[in-house]
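Dear colleague,

Please find the structure below, handed over for your use. My notes on what was found in it follow directly after.

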There are 4 protein chains.
Amino acid sequence: MARPAAQVAATPQRLDGEPVARACVVGASGFAGALAAALAWAHPNIALEAVTARSEVGRRLADLHPRHRVPLELEAFDADRLAARADVAFVSYPHGAAAEVVAALRERELRVVDLSADFRLHDPALHERWYGPLGAPELRGEAVFGLTELHRDEIGQASLVANPGCYSTAAILALAPLAREGLIADAVVDAKSGVSGAGRAATDTTHFVSVDENVSPYGETGHRHGPEIDQELAALGCDVRPTFTPHLLPLDQGLLASCYVTPTRELTGEELADVFRGAYGAERFIELVDTSPGVRDVRDTNFARIHSLVEPGGRVLVFCAIDNLWKGAAGQAVQNLNVMLGLDEGAGLG
Amino acid sequence: MARPAAQVAATPQRLDGEPVARACVVGASGFAGALAAALAWAHPNIALEAVTARSEVGRRLADLHPRHRVPLELEAFDADRLAARADVAFVSYPHGAAAEVVAALRERELRVVDLSADFRLHDPALHERWYGPLGAPELRGEAVFGLTELHRDEIGQASLVANPGCYSTAAILALAPLAREGLIADAVVDAKSGVSGAGRAATDTTHFVSVDENVSPYGETGHRHGPEIDQELAALGCDVRPTFTPHLLPLDQGLLASCYVTPTRELTGEELADVFRGAYGAERFIELVDTSPGVRDVRDTNFARIHSLVEPGGRVLVFCAIDNLWKGAAGQAVQNLNVMLGLDEGAGLG
Amino acid sequence: MARPAAQVAATPQRLDGEPVARACVVGASGFAGALAAALAWAHPNIALEAVTARSEVGRRLADLHPRHRVPLELEAFDADRLAARADVAFVSYPHGAAAEVVAALRERELRVVDLSADFRLHDPALHERWYGPLGAPELRGEAVFGLTELHRDEIGQASLVANPGCYSTAAILALAPLAREGLIADAVVDAKSGVSGAGRAATDTTHFVSVDENVSPYGETGHRHGPEIDQELAALGCDVRPTFTPHLLPLDQGLLASCYVTPTRELTGEELADVFRGAYGAERFIELVDTSPGVRDVRDTNFARIHSLVEPGGRVLVFCAIDNLWKGAAGQAVQNLNVMLGLDEGAGLG
Amino acid sequence: MARPAAQVAATPQRLDGEPVARACVVGASGFAGALAAALAWAHPNIALEAVTARSEVGRRLADLHPRHRVPLELEAFDADRLAARADVAFVSYPHGAAAEVVAALRERELRVVDLSADFRLHDPALHERWYGPLGAPELRGEAVFGLTELHRDEIGQASLVANPGCYSTAAILALAPLAREGLIADAVVDAKSGVSGAGRAATDTTHFVSVDENVSPYGETGHRHGPEIDQELAALGCDVRPTFTPHLLPLDQGLLASCYVTPTRELTGEELADVFRGAYGAERFIELVDTSPGVRDVRDTNFARIHSLVEPGGRVLVFCAIDNLWKGAAGQAVQNLNVMLGLDEGAGLG
């Protein structure tokens, strides 16, 4: 049959404002890359010019990820062709594979937000222990860890931003205000994530029947997002390494970090609230709430919703809910790009 | 504690365009009403001035429905106070309770989109059989059935639009092109809906444990959306009354109508495709696709995704997927209001 | 570490009665095969002696399918070794691969219940159209279609039973009483299944994120269980070929067939009830109910729950809910084996 | 229509052995009570004679909870009538309401397993703080806390067993071996439960749309199962009060307690394994595993599945998965009754 596979999205509703940058998404077939493409496509100040993938080349992104309705066709990666059409790039390749394409794009002077882990850890030895051989070591110096609320100024100057892991984002946001004040004597992070965090690959782990009506921990003896958390807390002067255990839940998008902190000194609820208000009171993507946060509350948004309290025994509890694909990946990537380009930080995230 | 329940959404991101109407939502605590409020709040040409509810008065809508982040406080209904502040109203009351508030608002010259069933059925006797005593009979003459794609011109002139039921929307969209061409000899509509369609009331039916890992039919001997379907098909010259059976599924938002039509004459696939292209080729919220539509494809959108085919035995199959809260309720309500106000039909609908 | 992977199920709680047969399960790593093994393991009159698989050889079945707690180790298939230890076999291989092992086992005089489709269709041409080349053609004559309620006597004499497909089981049970009475003028079967019906293979289709919050039809232009339904209705004197469309639901186990029948003559509800009572009143695994059946009602049981009614327009509706892994696969396989061995038909089925 | 609502479960498959006690279930309409009835109904040595409820009197239990297929009719509570027919009782009333009926049954010399919290806490002041006024204070002395693995001998002599809470069961089983050895310096219990733990009442919390695609903590400042955990750890010589935070998950049955223990001294993995093997090596309902336990692994079983490890930083992690309705409620109740009656501890538990 000659007619196209789908008659959709005739008129893109975008570019209401003035485009200030042309973008591409390298690795747009996965969940995070596809969402980055969707957000860039609808962004008022960004013109999405190309999407690439390692498989599925030639397919329309809207057919692979119908919800996003991005009508572009997936291309094979070609640094020269992309450099001719784009000023900035989101890279959403698996760990290990990203460094090389990031290097090729940086060589051609594109500014890059890398959603992989390839440039997150500053310590090369630590990177090698968790991820294997170091790619593009020459670029490590310029990469900025892209937790926007912690590194906004550096991100504004950066040409390469290493977008944090989803678990790291939630855990660091929950613990940073306490770490900065020297308040953490000990910490446990019990994290719960939806399945999209495990990626689009069909595996025994992501099979519906494995996940449905189930919950279980994984990576109990160490998960790769742990070192990111440690690195960022250390940068704030806290050398406690939290115990961090992820759990897989029967839901699609959403991540909750339940943090149990033994404080270095007794705290009242009001003092604790002050710590968090001081840290995040002016942040547009952090919601400080007095009630239990649920991941539904932040679904399909870039918000981190944080609830902190002092329990009767004196322990400090901090719960941080995010959407793992938004604030935990593509949403924060766009937030970072906005900062890099000097745009309104919430542009296209709304 | 003195601080507010939630420190959220400090600056509403709205009114990028010029507001052309001031709106209120009467009955904003339910799922459809809350979404109508959220869409109105974010709408570039509408200023949402008030939200009311029958219970929960005084609560912030953003606390009741966190995802929507509408910072307005729920008020008690007061027609005079609303009339002083709003030009248009969405009414989202239960059937039977809506007519009275619609009448009060119409008296004060607000233009109304009513999401209840109180003005959907033209035949008073039929209405009484399914819903009981007729409310505001004097208004029935002016109410237009708000399936936008079928009644756009009348809606443009209307002061009262009766927004269709969710099942009716999907079934009518699937069958109307065939009905108009006299092609329906017999029809079965097997419909499947997520739980939000059953409303926010906590009942045995909506209890998680009743729905989870379950699917079952209901209303097998007759469902109230049946007469809406019959009425609209009859208006197109088709006097077949489809068998219509809804089923409840373990999901939140989404509705699929699987329609099995015995055609009045043999049809080729190409002829069938022509019928649907002729009917909907220019419609921005109808997607004609060649693959099985899933309700995920239209989640949180106003799209109806339709797939039609002739099966080997000659029967015509039409599958129509919508989000029951969007195209099946609040999304279509905004689409209708856009038409009523002469705005771009997709304004505020993403 | 030396200790075994799991310290479980120390003492099997089985063989309360006298074992009358030694059994093996060929292909026990999939969902249906694993359940067949679990049922055989707990069966009072069967001694489960061996389980085999094409992959995962050497793994304990209890580690692969923890819920079932069958402590046997998966072996590679070896007809001679199995024949030395078992009298009967359940074969749960994919279509196309089963015929060969069934032939090897039959050659060695094991009685076999085959859960694949390799021997279900009597017409070789039809089989080839849907499944490709015919395996073990010499055995086709002896295979009995294993819908127990329809073919109990033949099954009792059979050495090879072709266990029906899950969709076929539900649809045939729903339609057979009407077919036998010549009451079907036309029929539509809209079927809904949980994901376990799609098998244990990790694919895009079975990925949690594809299924969750979704429902969609598939195989709209023809599904392999269709010819099974046609064959069995034809054997009852009904030459109507129902339109049959399966849908995939976000649940694990459970299958609902919603059947819409145009009767050949007007029927009252009481006449209809008589037809079903006459057909199934004495069946221990058929539940005739007056309320909407849900698949939860039959989860982890071998029951088929059937609700029939005449809708106001005269159409006959029949809803049949089963657990696709029990009555739709392994449960019915055990029921058939019980009949073959002259055991109580419900032995080992809870 | 004259025929019964459902033609089900014609022949109860029970009493294969010799009945040694006649039982009743007081409060069989809730999830735990209904399961207790189902287990008692199928129990080889117990004859279930009556089921009562506070509402739904006159309804067949099989119609209210179809899966369980218990054909008895719900009666109003009448201590004398029950005493005439039963020797033992399961009481499954809400906290506060149970004490009175327990007292009435004890007066008539029935032995009772009470699934409520009314007799769990030994300290009356503590009970009053969490639950309000003390019921039947005269009986508190005779009540034994029914965590079978900890109090088997006392349970064997008891006439009144206070069945533990679901969270308490998992947390105590996870921590008791360490507590007994004086190994707990500090502990956090992050628990996750399915919705059936919240009971059958339809509330905003149990509405499908609240739970689906969500996870959130609750009771962060104190949950009623906390004091049970404290009491039992204290009885083992450990005066640490763990921080305990429950979370609600989008699943039906299943509970995971993730326990993070700061040990009083450094432990090797082998020492830790020895502690758990020493405690539970001979327990038939405790499974010690080397892999991450999931709640699916124990669904519809009375098993507690425990995985313990020492993480690189020295913290001890213990994960305990149970089915909240089985080992966390009705299953353990039957286990306790078996011990009370001198039966095989696993009788009737599959």
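At what angle do the axes of helix 7 and helix 10 of chain C cross? In this predicted model, the axes of helix 7 (residues 166–180) and helix 10 (residues 269–280) of chain C cross at roughly 110° and come within 9 Å. Helix 7 of chain C is therefore roughly perpendicular to helix 10 of chain C. On the helix 7 side of chain C, the contact involves Ile172(C), Leu173(C), Ala174(C), Ala176(C), Pro177(C), Leu178(C) and Arg180(C), and on the helix 10 side Leu272(C), Val275(C), Phe276(C), Ala279(C) and Tyr280(C). These contact residues comprise 11 nonpolar, no polar and one charged.

The terms used above are as follows. Helices are DSSP runs of H or I with at least four residues, numbered from the N terminus. Axes are lines fitted to C-alpha atoms, for helices over the stretch in contact, and angles run from 0 to 180 degrees between N-to-C directions. Roughly perpendicular covers 65 to 115 degrees, and contact means heavy atoms within 4.5 Å. Ala, Val, Leu, Ile, Met, Phe, Trp, Tyr, Cys and Pro count as nonpolar, Asp, Glu, Lys and Arg as charged, and the others, Gly among them, as polar.

In chain A, helix 7 (residues 166–180) and helix 10 (residues 269–280) pack at about 110°, their axes 9 Å apart.

The same surface serves both copies, since 100% of the contact residues of chain A recur in chain D.

Between these chains, 41 residues of chain A are in contact with 41 residues of chain D. The two chains bury about 3,400 Å² between them (accessible area lost on being put together, 1.4 Å probe, summed over both), 55% of it on carbon and sulfur atoms. Glu213(A), Glu220(A) and Arg296(A) lose the most area in chain A to chain D, together 20% of what that side buries.

Six salt bridges (a side-chain nitrogen of Lys or Arg within 4 Å of a carboxyl oxygen of Asp or Glu) are counted between chain A and chain D. Arg315(A) forms a salt bridge with Asp186(D), with the closest N and O atoms 2.7 Å apart.

Residues are numbered from 1 along each chain as its sequence is written, and chains are lettered from A and ligands numbered from 1 in the order in which they are written. Local features need pLDDT of at least 70, side-chain atom pairs count only at pLDDT 80 or more, and totals for chains, interfaces and linings use all residues, while side-chain values use heavy atoms, with hydrogens and water left out.

Yours sincerely

Definitions and conventions. Helix = DSSP H or I, 4+ residues; strand = E, 2+ residues; numbered from the N terminus. Parallel < 35°, antiparallel > 145°, perpendicular 65-115°, else oblique.
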